Amino acid sequence: MTKDLFETLIERYAEQIECIRLSAHELHRSVNQIYGDELPYGYHLDMVVDGIRHFGHLVCADEQGVLPLFFGGYYHDSIEDARQTYHDVLKTARKWMTEEQALVATEIVYALTNDKGRTRAERAGEKYYLGIRETPYAPFVKLCDRLANITYSCSGVNADSLRMKEVYKAEMPHFLSSINPHLDDQRYLVPQEVVMKLAECLIDDLEREEQNASVWWHEY
């Protein structure tokens, strides 16, 4: 899809997108979830969707994919963090979408829900990544989620942010290979443009000078 068409469709569905945004913000506020030290969780959701706004045209197959993409971005943590079930999310999605779109949107959310586990590795194991690879638009939404988290971590607002920057940096080769199904279907794409934005955050100026163009973000 061209960027101009994608932006036109965003304008066409602006009212529904805003309703989804407000609903997601309120959901996470209702469970007192914050982002970082004190930010409302909606701050993170808006950052994720900012990635979808900028790069969604690269993966969106047609007009019917626009609302599921935005819903997936705003609701991606609703099962994991806001006490929602699959059917809760599906019921909510039906408010603004057709049944087919609502199913696509809910499957994105379900795919991005971490598994049960004691450690970060257990919560995002092979079963988790397989679900992402098998779900239309899930690889892209997960990439936008990671972009939002990395952008925040690279802002260096506190020691935990700096620690997470190094965690994300170490995880990146495995993360990219795990979410990428390498399919021709654009709904499953992991766009290089977004990967390069990740690299801009994670690789400092000195490292850029020392490394050539065949570093990890070109080989995912």
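Q: Hi! Which helix does Asp-145 lie in?
A: Asp-145 sits in helix 10, residues 138–153. Helices here are DSSP runs of H or I with at least four residues, numbered from the N terminus. By the way, this is a predicted model, where local features need pLDDT of at least 70 and side-chain atom pairs count only at pLDDT 80 or more, while totals for chains, interfaces and linings use all residues. Residues are numbered from 1 along each chain as its sequence is written, and side-chain values use heavy atoms, with hydrogens and water left out.

Q: What does the side chain of Asp-145 do with the side chain of His-76?
A: The two side chains make a polar contact at 3.3 Å. That term covers a pair of N or O atoms within 3.5 Å; within protein, one must be able to donate a hydrogen and the other to accept it, and residues adjacent in sequence count only if both atoms are side-chain atoms.

Q: New topic: how many aromatic pairs are there?
A: A search of the whole structure finds 9 aromatic pairs. In Tyr-35 and Tyr-41, the ring centres are 6.0 Å apart and the planes are at 75°, so this pair is edge-to-face. Rings of Phe, Tyr and Trp (its six-membered ring) pair if their centres lie within 6.5 Å; planes under 30 degrees apart count as stacked, over 60 as edge-to-face and the rest as tilted.

Q: Are Tyr-35 and Tyr-41 buried or exposed?
A: Tyr-35 is buried at 8% relative accessible area, and Tyr-41 is buried at 8% too.

Q: What about Tyr-129 and Phe-175?
A: Tyr-129 and Phe-175 are an edge-to-face pair, 6.5 Å centre to centre with 75° between the planes.

Q: Why does that pair tie together parts that are 46 residues apart in sequence?
A: Because Tyr-129 lies in helix 9 (residues 126–133) and Phe-175 in helix 11 (residues 159–179).

Q: Last one: which residues of helix 1 are buried?
A: In helix 1 (residues 3–12), the buried ones include Phe-6, Leu-9 and Ile-10.

How values were computed. Buried means under 20% relative accessible area, exposed over 50%, partly exposed in between (1.4 Å probe, protein chains only). Helices (H or I, at least four residues) and strands (E, at least two) are DSSP runs, numbered from the N terminus.
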